[in-house]
Amino acid sequence: MNTNPKLSKNRIYWILQFFGWLSLSFSGILQQLFANPGTFDFMYLTSLFNFALPGIIITHIYKEKFISLTLFSKSFRKIIISGIKGIFIVSLCLLAFSTIIQFITTSKPAFANLKVTAVAFVITCVYVCSWFVIYFFYKILERSEEISSQKLMWEIKSKTSELSLLKSQLNPEFLFQSLSNLRMLALEDKDTARDAIIKLSEILRFSLYHDESTLISLKLEFLEVKKYLELYQLNPENNFNFTLKLKEETLAFKIPQALCLTVAELIVQNMLCNTAGSDQLTISSSVVGHKIVISIFLLAEHNIKIDFLNLSNTKLRLQSSFGTEADISIKSHDLNSVMVVLNYSPEPIKQITHEKESNYYR
């Protein structure tokens with residue numbers, strides 16, 4: 001059971017209200033004592049009632065009735081003007097309220113002349129100004145955090161929309177090439193053709209019907225990657241080999257669905273060379289320290305240009321599930337090799353998992 005409940009904003013506000021105005025009243029009493037050492041008048045204590053209580057009431061009423069929720073969404077100039085106007089109005093009301101109370105309790109006017117009244121008004125403005133500065137500064141910071149949060153959410157929604165658009169635009173080259181290969185296989189090897197058709201249908205279903213926030217196990221993710229690479233190998237012109245080196249202890253960990261498939265597709269479609277040589281693609285997974293590390297390494301027999309590897313959206317997807325410490329980096333040690341490394345914490349910041357039916361995967 002939690003024995004230290006978190007204070008609500010409303011409770012914190014009232015604590016600061018009482019503490020702040022009572023502190024200002026006590027500071028006035030101390031000033032009187034320092035100005036007249038050796039004497040103490042119990043009337044000094046009436047300032048707690050004459051000044052602190054009206055200050056609490058008037059500033060709260062002004063906050064509730066005259067400071068709108070939309071004020072801090074306006075320009076800085078309008079906020080400053082509103083604050084100056086509020087300081088003047090609250091100070092005037094506070095001075096009038098204190099004067100009336102003192103007259104009722106002592107039957108004497110609080111201020112003998114205009115000069116004394118003006119000085120008292122200036123002092124009151126200074127005290128009230130401190131309240132407005134603290135309150136406005138807090139509301140501006142709160143609004144700034146709200147804007148930052150909204151900006152992040154808009155960015156995530158924008159990137160999600162882009163990903164949805166990309167999802168709806170499956171690589172036509174891969175699809176047409178696979179269908180062309182299936183036509184040839186149907187005439188030459190019916191068993192292989194049947195197996196390839198099943199793989200293609202499962203990949204299309206996997207790509208089209210996944211949710212951007214869904215997390216699946218690395219085992220299921222790499223199963224789809226394997227199917228994709230096997231289909232790509234069906235074209236005799238695609239001369240490459242691939243190897244999966246997956247540590248058993250990593251296969252149960254989660255990853256955003258189709259994320260590795262997206263990276264593998266980018267590498268295969270843009271970096272493999274249709275030559276007589278044979279490129280080598282190696283995909284591995286391991287646990288390093290407290291992080292999952294996935295590397296996709298391509299060793300080619302030709303020069304590789306990494307300009308095609310734009311993984312900013314993919315990185316954002318990974319971070320939206322595993323926090324900002326998750327990272328995707330691109331390393332190139334020489335002209336004919338490239339490595340994409342994904343590393344992230346095993347624990348997602350939001351646990352949204354979805355395992356497909358067992359008969360869906362082969």
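The following legends describe close-up views of a predicted protein model.

The model is predicted: local features need pLDDT of at least 70, side-chain atom pairs count only at pLDDT 80 or more, and totals for chains, interfaces and linings use all residues. Residues are numbered from 1 along each chain as its sequence is written, and side-chain values use heavy atoms, with hydrogens and water left out.

**View 1. The protein as a whole contains nine helices and seven strands.** Helices (H or I, at least four residues) and strands (E, at least two) are DSSP runs, numbered from the N terminus. Of the 362 residues, 37% are buried, where buried means under 20% relative accessible area with a 1.4 Å probe, counting protein chains only. Contact means heavy atoms within 4.5 Å; among contacts between residues at least 6 apart in sequence, 76% join residues at least 24 apart.

**View 2. Five strands form an open sheet in the order β2-β4-β5-β7-β6.** The pairing in this sheet is mixed, and two strands count as paired if DSSP finds at least two bridges between them. At the edges stand β2 (240-246) and β6 (327-331), each of which pairs on one side only. From one strand to the next, the twist averages 10°; axes are lines fitted to C-alpha atoms, for helices over the stretch in contact, and angles run from 0 to 180 degrees between N-to-C directions.

**View 3. Strands β4 and β5 form a hairpin with two residues between them.** β4 (residues 279-288) and β5 (residues 291-299) run antiparallel and are joined by nine bridges. Ser-285 has Ile-294 of β5 as its bridge partner, while Ser-286 stands opposite Val-293 in β5. In the turn, Gly-289 has a positive phi of about 65°. β5 also pairs with β7 in the antiparallel sense, over eight bridges, and there Leu-298 has Val-338 of β7 as its bridge partner.

**View 4. Helix α7 is largely enclosed by the rest of the structure, because 12 of its 16 residues are buried.** The helix covers residues 218-233 and reaches 22 Å from its first C-alpha to its last, close to the 22 Å expected at 1.5 Å a residue; the expected span is 1.5 Å times one less than the number of residues. Its buried residues include Leu-218, Phe-222, Val-225 and Leu-229.

**View 5. The largest nonpolar core has 46 residues.** Such a core is a set of buried Ala, Val, Leu, Ile, Met, Phe, Trp, Tyr and Cys residues joined through side-chain atoms within 4.5 Å. Leu-229, Ile-267, Ile-294 and Tyr-344 have the most contacts inside it. Leaving aside neighbours within four places in sequence, Leu-229 is in contact with Phe-240, Phe-242, Val-268, Leu-281 and Ile-283. A second, separate core of 24 residues includes Trp-21, Ala-52, Phe-121 and Phe-132.

**View 6. Ser-82 lies in helix α3 (residues 76-106).** This serine is buried, with a relative accessible area of 15%. Not counting residues up to four places away in sequence, Ser-82 touches Tyr-62, Leu-71 and Phe-136.

**View 7. Helix α9 (residues 312-322) has several buried residues, among them Asn-313, Leu-316, Arg-317 and Phe-322.** Gly-323 follows α9, and its phi is positive, near 90°.

Definitions and conventions
Buried < 20%, exposed > 50% of the residue type's maximum accessible area, 1.4 Å probe, protein only.
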